[in-house]
Amino acid sequence: MSTEWLVVVRDTPVNNRMEHRPQHFADSPPKFTANGGKVIMGGGIFNSDKPLVADGSQPLPPFAGSAFVIRAESKQEVIDFLKQDVYAREKVWDMDNLEIWPYLCAYREEKTFKA
């Protein structure tokens, strides 16, 4: 039986996230559970203490990494899944310091993916 896993993967100190972002977004929809994939929820985390304005009217603060909820049979399956992403392959993510915990969601609000 699958488990949900809460994942935090920080960016490496020097990376080309924005260069690889279009490919990351292009590859993302098939990974979503709604499309038969493993990702229940995912998005960027930021180096900021201020609320985000994500409507395009202001620049985003610097990225700190990414956070996910992923459905998988094991922690190793989560790691193997993440290694397939362009951010892992191009060393945007610090794959040596993944944080992964079994997760039991009490509430989830639907949100539509916007590339």
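A nonpolar core, the subject of the first view, is a set of buried Ala, Val, Leu, Ile, Met, Phe, Trp, Tyr and Cys residues joined through side-chain atoms within 4.5 Å. Buried here means under 20% relative accessible area, exposed means over 50%, and partly exposed lies in between (1.4 Å probe, protein chains only). All views show a predicted model, in which local features need pLDDT of at least 70 and side-chain atom pairs count only at pLDDT 80 or more, while totals for chains, interfaces and linings use all residues. Residues are numbered from 1 along each chain as its sequence is written, and side-chain values use heavy atoms, with hydrogens and water left out.

**View A. The largest nonpolar core has 18 residues.** Those touching the most other members are Val-7, Phe-68, Ile-70, Val-78, Leu-82, Trp-93 and Ile-100. At least two core residues each come from strand S1 (3-10), strand S3 (63-72), helix H2 (75-83) and helix H3 (86-89). H2 gives the largest share, 4 residues. Helices (H or I, at least four residues) and strands (E, at least two) are DSSP runs, numbered from the N terminus. In soluble globular proteins, nonpolar side chains tend to be buried together.

**View B. Four strands make an open sheet, in the order S2-S3-S1-S4.** The pairing is antiparallel; two strands pair if DSSP finds at least two bridges between them. S2 and strand S4 (99-103) are the edge strands, each pairing on one side only. From one strand to the next, the twist averages 15°. Axes are lines fitted to C-alpha atoms, for helices over the stretch in contact, and angles run from 0 to 180 degrees between N-to-C directions.

**View C. Strand S3 is joined to S1 by 8 bridges and to S2 by 7 bridges.** S3 is mostly covered, with 9 of its 10 residues buried. Over in the other pairing of S1, 5 bridges hold S1 and S4 in the antiparallel sense, and Val-7 stands opposite Ile-100 in S4.

**View D. Helix H2 lies across S1, S2, S3 and S4.** Its direction is at about 130° to S3. Val-78, Ile-79, Phe-81 and Leu-82 are the buried residues to look for in H2. Seen down the helix axis, the buried residues of H2 fall within an arc of 160°, so they line one face of the helix; the arc is that of the directions from the helix axis to the C-beta atoms. These buried residues pack against S1, S2, S3, H3 and S4.

**View E. Phe-68 has contacts in several parts of the chain.** Contact means heavy atoms within 4.5 Å. Leaving aside neighbours within four places in sequence, Phe-68 touches Trp-5, Leu-6, Val-7, Val-9, Val-39, Met-41, Gly-42, Leu-82 and Trp-93. Ring pairs also link Phe-68 with Tyr-87 and Trp-93 into a cluster.

**View F. The whole structure holds 3 aromatic pairs.** Rings of Phe, Tyr and Trp (its six-membered ring) pair if their centres lie within 6.5 Å; planes under 30 degrees apart count as stacked, over 60 as edge-to-face and the rest as tilted. The ring centres of Phe-46 and Phe-63 are 4.6 Å apart with the planes at 35°, so this pair is tilted. Phe-46 in strand S2 (residues 39-46) and Phe-63 in strand S3 are 17 residues apart, and their pair links distant parts of the chain. Phe-63 is buried, with a relative accessible area of 18%. Tyr-87 and Trp-93 form an edge-to-face pair, 5.5 Å centre to centre with 80° between the planes. Both Tyr-87 and Trp-93 are buried.

**View G. Lys-31 sits in the loop between helix H1 (17-27) and S2.** Is this lysine, Lys-31, buried or exposed? Lys-31 is buried, with a relative accessible area of 17%. Beyond neighbours within four places in sequence, Lys-31 is in contact with Gly-37, Lys-38, Val-39, Phe-81 and Asp-85.
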